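Subject: Structure for your review

Dear colleague,

My notes on it follow, and I would be grateful if you read them with the structure open.

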Amino acid sequence: MRSRTGNWFECKIRYEKTMDDGLQKKITESYVVDALSFTEAEKRILEEMSSFISGVFEVSDIKRAAYREIFFSDVATDDRWYKAKLQYITIDEKTEKEKRSNVNFLVQAATLNSAVHNIVEVMSGSMIDYVIASVAETSLMDVFEYKKKEEEQDKPEYES
């Protein structure tokens, strides 16, 4: 399990999909991409989806995602995405009252129980007091995090 912060954008893609019965149906699927701007998010989702979808597709919506971090799993069966709302608990020094602040995360897991387990695993390395306020499965199909192109990663450094 690893967590990653970033500038996340939810993108909706609309295209015609061949269903199990052989009929064509227009569907809309949601994805999340890591990008610096709306323009880059559109470019990135078009690049990512062009290798999965043959035929015409369009980006029907892009909006900023309200996730502080995304918890990625390395387990192959973790194929669903869950939105988790955690409440960080702090004590106000002046009033000595408990204060809770809401933070949203996206968690990759196979089931609701494994999503909760993954949250606890990631948060166990934190000193922050928290409660899990809610966990719900999303309709997201996948998350594409930013990765440097191989050419940039393998570029030799030249000495002058």
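In which helix do E48 and R44 both lie, and how many residues apart are they? Both belong to helix α1 (residues 38-50), where 4 residues, or about one turn of the helix, separate them. Please bear in mind throughout that this is a predicted model.

**Overall form**

The chain contains 3 helices and 9 strands. Read from the N terminus, the order of the elements is β-β-β-α-β-β-β-β-α-β-β-α. The chain has a radius of gyration of 19 Å, whereas the globule rule gives 15 Å for 160 residues, so the chain is more spread out than a compact globule. Along the principal axes, its C-alpha atoms fill a box of roughly 60 × 60 × 30 Å. Of the 160 residues, 33% count as buried.

**Salt bridges**

Side chains of opposite charge can pair when their charged atoms come close. In the whole structure, 5 salt bridges were found; three of them are described here.

- R44 is buried, because its relative accessible area is 9%, while E48 is partly exposed at 24%.
- E29 pairs with K17, with 4.0 Å between the closest N and O atoms. This pair links distant parts of the chain, since E29 sits in strand β3 (residues 24-34) and K17 in strand β2 (residues 8-18), 12 residues apart. E29 is buried, with a relative accessible area of 7%, but K17 is partly exposed at 33%.
- R100 pairs with E98, and their closest N and O atoms are 2.9 Å apart. R100 is partly exposed, with a relative accessible area of 41%, and E98 is likewise partly exposed, at 48%.

**A patch of charge on the surface**

Four residues, K12, K63, K83 and K85, gather on the surface in a patch of positive charge. Of these, K85 lies in strand β6 (residues 80-91) and is partly exposed, with a relative accessible area of 30%.

**A buried residue**

Is F105 buried or exposed? F105 counts as buried, because its relative accessibility is 0% and buried means under 20%. This residue is found in strand β7 (residues 98-109). From F105 to S60 the distance is 24 Å, C-alpha to C-alpha, and the two are 45 residues apart in sequence.

Yours sincerely,
A colleague

Key: Residues are numbered from 1 along each chain as its sequence is written. This is a predicted model: local features need pLDDT of at least 70, side-chain atom pairs count only at pLDDT 80 or more; totals for chains, interfaces and linings use all residues. Side-chain values use heavy atoms; hydrogens and water are left out. Patches are made of residues with over 30% relative accessible area and no salt bridge: like charges are joined within 9 Å, nonpolar side chains (Val, Leu, Ile, Met, Phe, Trp, Tyr) within 5 Å. Accessible areas come from the Shrake-Rupley method with a 1.4 Å probe; for residues, only the protein chains shown count as cover. A salt bridge is a side-chain nitrogen of Lys or Arg within 4 Å of a carboxyl oxygen of Asp or Glu. Lys and Arg count as positive and Asp and Glu as negative; His and the chain ends are not counted. The place of a charge is taken as NZ of Lys, CZ of Arg, CG of Asp or CD of Glu. Helices (H or I, at least four residues) and strands (E, at least two) are DSSP runs, numbered from the N terminus. Buried means under 20% relative accessible area, exposed over 50%, partly exposed in between (1.4 Å probe, protein chains only). The radius of gyration is taken over C-alpha atoms; the globule rule is 2.2 Å times the number of residues to the power 0.38.
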